[in-house]
Amino acid sequence: MKLVTKALAIGISIIAGLVAAKISGAIWKGATGEQPPNVTNPEAQQRAKIGKVLAFAVFSGASASIIQAVTKRWTQKLVEKKRTL
């Protein structure tokens, strides 16, 4: 059972990370009107000034950390609830 729980937590984390990346990219585009300067968009990354690249890195890193913390807490609550059943 522990293996299933770990696999579930990993799967949820991966999906949450992908969703967070899409959301942070959409927020960046909405706020700046430009494509986000990230690894998946090398043209935008090369054209952007270093300040914008740094700002996006901080923004996307912060959002990823928040998503990771929320996901871990949610998964832990699920595990605890499963143990009590």
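**Overall architecture and surface of the predicted chain**

The chain contains 3 helices and 0 strands, where helices (H or I, at least four residues) and strands (E, at least two) are DSSP runs numbered from the N terminus. Read from the N terminus, the order of elements is α-α-α. The radius of gyration, taken over C-alpha atoms, is 17 Å, well over the 12 Å that the globule rule gives for 85 residues, so the chain is more spread out than a compact globule; the rule is 2.2 Å times the number of residues to the power 0.38. Along the principal axes, the C-alpha atoms fill a box of roughly 55 × 20 × 15 Å.

The model is predicted: local features need pLDDT of at least 70 and side-chain atom pairs count only at pLDDT 80 or more, while totals for chains, interfaces and linings use all residues. Residues are numbered from 1 along each chain as its sequence is written, and side-chain values use heavy atoms, with hydrogens and water left out.

Of the 85 residues in the chain, 20% are buried, that is, under 20% relative accessible area, with exposed meaning over 50% and partly exposed in between (1.4 Å probe, protein chains only). Among contacts (heavy atoms within 4.5 Å) with a separation of 6 or more, 49% are between residues 24 or more positions apart.

The accessible surface of the chain comes to about 6600 Å², and carbon and sulfur atoms account for 68% of this area; accessible areas come from the Shrake-Rupley method with a 1.4 Å probe, and for residues only the protein chains shown count as cover. Ile 23 lies in helix 1 (residues 2–32) and is partly exposed, because its relative accessibility is 47%.
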